Amino acid sequence: MSDLHDLCKFPQRPISEEYIANLNHYLRNGIPATYTVEEAYNYINGIEDVEPLTTTTPLHLICTHVPLDLSEDEQNIVNQFVDILFEYGAGWSFTDVNNETPGCILIRRGLKQLPLYQKIVDAGVRAELVLRKVTEFDMEVIEDTDGVKHEEFGELEYNNSNNNGSSNNIDSSTSDCVCEKNDVKNEEPIIKVEQQKGGDILADSIKEEFETNGNEDEKAVDDVYGKPSIEVDDDINAPSQNQVSYLDTKLEYTEDALVTKDRRDGVMMAWESDIMQLGADALFSGVDNEKREEDSGKVQDSEVTVLNIGFGMGIIDRMIQSKNPTKHYICEAHPDVLNKMKKDGWFDKANVVVLSGRWQDELDKLLSLGNTFFDGIYYDTFSEHYLDMLELFDYVVGLLKPNGVFSFFNGLGADREVIYEVYKKLVSIDLENYGLQCEFQEFPVPKDLFMNNEDKSIWDDVKRSYWSCPTYYHPVAKFMDF
Ligand SMILES: C[S@@+](CC[C@H](N)C(=O)[O-])C[C@H]1O[C@@H](n2cnc3c(N)ncnc32)[C@H](O)[C@@H]1O
C-alpha cells in the first residue's frame, strides 16, 4: 500500500484542502493515477514476474472509503480530489478483486446519488468518445504506466511515512487483497462484457484500459492479467459477435425464447414482452389518434406507417398489428426466422411488407426509392455492435417523418449497471449529433421477471445473461424543435 492509497481511504476527518495538496504532490512526483494496490504490493515484496490479475486503483479505494456523512465542504473536496485524479488519467472501468469497478462499489454502497458517481459515468462517456476518435484516426495511445519508476514511489512513500510517523509496512488489507486475488485466479470468469443481445457493445474502453495497463501493446486482452475479470465475450467469429456467422447459424424456437441451436445464445426472450410493449406504444406516440379516427384512415395524412427491424419472436410485431397500422414494414435477415414468418402467415397479411435481408441493404434500397417515410422505427437485432447502430442513425434520419419516433431495445451495457448509465449518456450524445433528442423513461425491472413458473432462472437454458440492471431505460427519440 502506498501513501497515495492511504490518502484515498480518507484516514483523517474533516476532509480538507490538505488532501488536495497531498494528492497533487504524489501525482506531480510521477505516481500514476492508476497505480494499483496490487502493483504496490508486488513492488514492496520484490515480486517482479507476476502480473496482477486484479486492479484496485485509487478510485476503488475512494469509492470504498468515502464517508457516508460528508459535510458540504468535504463533499467539495472529494469532488475536486476525483477531478484531479481523472485529469491525471484515472480509469473508470478497472475491476478489483471483487470484480467491481469504482462505480459498482458506489452502487453496492447505495451512493449513486453522490456527484462522484456521476463523475465516473462522465469519465466513461469521455473515454468512449476519445477512444472512438483514436480508433477512427488510427492514433497511437501513449501508455501512462510505461516506464514507471516504482523506486521513486518507494522513496516518496518512505519519506512520507517518516513524515507522518506511520510505518512503511504493508497493512493487512493489502495482504487480504492479494490472497483474494489468488482465489480469483482459480475461478471461472465472473462477468461478461456488456452487450446488446450478442455484439460486444462497449468493450473498447474496457479493452483499452486492460491493454494500456498491461504495458505491452501487442498483448491480447486475455494475456494481460491472465483471464480478465471482465471477460471479453466470445471470439470475434462467434455467432453472437459476427453477423456472417450468426446468419449461418441454425436457430431454435423454444417455449419462451429464440436461441442459437448449438451455443444456446439467447437471441430473444419472452421476459422482454413488457419492454416490447413500451416500444410498440412509442412507435405510435407521434400519431394524432383523434384525427386518425375521424379520417378512418382514408386520408393520406392520417396513414400510419411503421418499421420494425428484427422480427425474432414477433412479440413487438404482434403488438404493432393490434394497433392496426396502415403499413407495417418488418425487416428481418435470418433465414430461419423468415421461414417461421412465412409459416405463421406474416407474408400474407395485407398491411405487412416484409423486407427480407439485412437492414443495411434493405433500408438503403428504401431510402433510394424516396417514397416511404415512417411514423415510427424500432430497432432490436442480434449480433450487432454499437457502431452498427450509429450507422443505422443515417437511415433513421432519412426515413423518419418530421413527427416520427425512433426507439430501440436498450440493452447497451446492460450487464453492468454503471456501464448501462454510460451508454445511456453516450447514445443521447450520438443521437443529438443527428438532430434527434432522446428521452429515457425509467421502468423498474422486477426480479421475478427473470424467473419462469418453476422458479428457475430464465437464463438457465441460455449460455449467458445479457441483463443485470434493476431499471430499464426506455429510449424515445424525436427530431429536435429548432
Ligand atoms: C432480438 S430479436 C428481435 C426480437 C423482436 N423485437 C421481438 O419482439 O420478438 C433480433 C432479430 O433481429 C434479426 N437481425 C439480426 N441482425 C439483423 C440485420 N442486420 N438486419 C435485419 N435483421 C437482423 C435476428 O435474426 C432476429 O430475428
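How many residues has helix α19, and how far does helix α19 reach from its first C-alpha to its last?

**Entry 1: helix α19.** I looked up helix α19, residues 417-432, and found 16 residues and a reach of 23 Å, close to the 22 Å expected at 1.5 Å a residue. The expected span is 1.5 Å times one less than the number of residues. Helices (H or I, at least four residues) and strands (E, at least two) are DSSP runs, numbered from the N terminus.

**Basis.** I note that this is a predicted model, in which local features need pLDDT of at least 70 and side-chain atom pairs count only at pLDDT 80 or more, while totals for chains, interfaces and linings use all residues. Residues are numbered from 1 along each chain as its sequence is written.

**Entry 2: buried side of α19.** I listed the buried residues of α19, among them Val 418, Tyr 420, Leu 426 and Leu 431. A residue is buried if 20 or more other C-beta atoms, placed from the backbone, lie within 10 Å of its own. The buried residues of α19 pack against α6, α7, α18, β11 and β12; contact requires C-beta atoms, placed from the backbone, within 7 Å.

**Entry 3: Glu 332.** I located Glu 332 in strand β7. Is Glu 332 buried or exposed? Glu 332 is buried, because 25 other C-beta atoms lie within 10 Å. Its C-alpha atom is separated by 5.8 Å from that of Phe 311, 21 residues apart along the chain.

Key
A residue is buried if 20 or more other C-beta atoms lie within 10 Å of its own, exposed if 12 or fewer, and partly exposed in between; C-beta atoms are placed from the backbone. Two residues are in contact if their C-beta atoms, placed from the backbone, lie within 7 Å.
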